[in-house]
Amino acid sequence: MALYSDIVMDHFRNPRNVGVIENADGVGEVGNAKCGDIMKIYLKIDGDTITDAKFETFGCGSAIASSSMATEMIKGQPVAQALQLTNKAVVEALDGLPAHKIHCSVLAEEAIKLALKDYYDRHGIAYDKQQFPSCENCGHCHTH
Amino acid sequence: MQIYADHAATTKTSPAAIDAMVTTMRETYGNPSSLHSAGQRAAELLADARARIARQLNCEASELIFTSGGSEADNQALMGAARRGAAQGKKHIVSTAFEHHAVLHTLRRLEKEGFEITLLPVYENGLVTAEQVRAALRPDTCLVSVMYANNEIGTIQPIAEIGAVCREAGVLFHTDAVQAVGHLEVDVKAQNIDMLSLSAHKFHGPKGVGALYLRKGLRLDPLIEGGAQERGRRAGTENLPAIVGMAVALEEAAAHRAENTARLIPLRDKLIAGLSAIPHAALNGDAVQRLPGNVSFCFEGIEGESLLLLLDDRGICASSGSACTSGSLDPSHVLLAIGRVHDVAHGSLRLSLGEDTTEEQIDYLIRTVTDTVAYLRSISPVWRELQNGTRPYIIQ
């Protein structure tokens, strides 16, 4: 279908990093079933490096492709760098998303941030709350 | 295997209709309104097509108004009937919650203009009853509009009974029969129908052409002002090639209807039985009162757009009522109207079969949909929660 770029379709058809990490160091879940998309990201972190990332997604083609691409982009990266990942970077890596699908890339960014926050919380690492999304300001379900 | 299972969206144009259209374009290019012989030949062809279509609906040729399709016919019927009602001091309209948007959005506009709209709820099986309609009628009701067959879930409404209720009460009755014409018995006289909308491309005719049946004696303000075409009821030079193609396609559909229905119903029911074997899946709409080619399901734990894309990769053209495919925030209003909650409505799939659907294709559809649903569930966090008991199943 011409709706999506070849890269989106490739990541949708052959998603990378699908699955669950048992004993993950950080887990982040965003979205809700009522809106039609939920993304859950699991991280394994060793020292300061994301050694593995996996995802489960309930959602449309671009939600699955965004999860796949975003997990690829942070695997092997230092935590500080993964925190800088923007939805815009995910969209660029996917060679674009249709305007009404941009929120899928936002979900991917937020799921990763929440997983990293979960990692900080579990390990008692101090952080600046401002850099993480919260339910109040996520805008999911209002920005489709 | 390539399977076109989206006949409710549109159908392949009939080769006989295409031939008739091309011949018309080549040979009968005159304007039916012109006095000269080229125009008169076109006028004769137009009259012939009109008479042939009228025969299939059991109406008179003069009772047909050609339109650009089903949406225009719906708009004309509703806007016209509303104005007529307002002139009589009647500004109440009865319809249903699961009409096509061509009806619902027109009603929304009328509501803004001061009309009161009663949208009847539909039961879980996707049916309204004549009793519901009767109970909703008021002294100021000017119009009842109930679709003949629903485009998403295929349920067939008791049109003749509803028509009888309206006729008895002296209220105009319109039916959006876009999904029914060519597929179900239509007899505007026996079914007490005052106005009926149809669209050619749903029965292997061309796109961009349809008709409104308007019972003799009824006069509505035209939606499109201009010349005196269609007896002053719809301006604009007639799309003669498309109208001729529509007549050919409708006659073909009528000629094969009995045999198609007899062949399709067992295929449809086999597909329904096959997909019902998928755990936590539910058929949308009544199993019996439904179009011969319509199969509509909700699968818990997955989203419809990803299902459609993967099915397309496997050669299957289908459709869904998920929000992602509807281009809006909410999933299909039809699925919500029959009581499906958002979570489940997002995981909907419509397979609409046609004349050339084979049993081999049905087997492939069952196998492929089953496998694809299982795959998408395997990567869905919702399905995981349903499975491990942290989220309750909605579809048992």
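## Briefing on a predicted two-chain model

Leaving out residues up to four places away in sequence, Y213(B) touches L57(B), C59(B), E63(B), L64(B), V188(B), M195(B) and L196(B), where two residues are in contact if their C-beta atoms, placed from the backbone, lie within 7 Å. This is a predicted model, in which local features need pLDDT of at least 70 and side-chain atom pairs count only at pLDDT 80 or more, while totals for chains, interfaces and linings use all residues. Residues are numbered from 1 along each chain as its sequence is written, and chains are lettered from A and ligands numbered from 1 in the order in which they are written.

**Nonpolar core**

- Y213(B) and I243(B) touch the most other members of the largest nonpolar core, which has 151 residues; such a core is a set of buried Ala, Val, Leu, Ile, Met, Phe, Trp, Tyr and Cys residues joined through C-beta atoms within 7 Å.
- The largest share of this core, 12 residues, is supplied by α8(B).

**Helix α8 of chain B**

- Helix α8 (residues 240-276) of chain B spans only 45 Å between its end C-alpha atoms, whereas a straight helix of 37 residues would span 54 Å at 1.5 Å a residue, the expected span being 1.5 Å times one less than the number of residues.
- A kink of about 55° in α8(B) is centred on R257(B), the bend at a residue being the angle between axes fitted to the seven residues ending there and the seven starting there.
- Helices (H or I, at least four residues) and strands (E, at least two) are DSSP runs, numbered from the N terminus.

**Annotated positions**

- The UniProt record, an unreviewed entry, places the feature "binding site" at G70(B), S71(B), N151(B), Q179(B), S199(B), A200(B), H201(B) and T237(B); such annotations may be inferred rather than shown by experiment.
- These positions span 168 residues in sequence and their farthest two C-alpha atoms are 29.9 Å apart, so they do not all gather at one spot.
- N151(B) lies in the loop between β5 (141-145) and α6 (159-169) of chain B, and counts as buried with 24 C-beta neighbours inside 10 Å (buried means 20 or more other C-beta atoms within 10 Å, exposed 12 or fewer, and partly exposed in between, with C-beta atoms placed from the backbone).
- Q179(B), in the loop between β6 (172-176) and β7 (195-199) of chain B, counts as buried with 29 such neighbours inside 10 Å.
- Leaving aside neighbours within four places in sequence, N151(B) is in contact with A8(B), H100(B) and Q179(B).

**Contact between the chains**

- Chain A gives 21 residues to the contact and chain B gives 22 residues.
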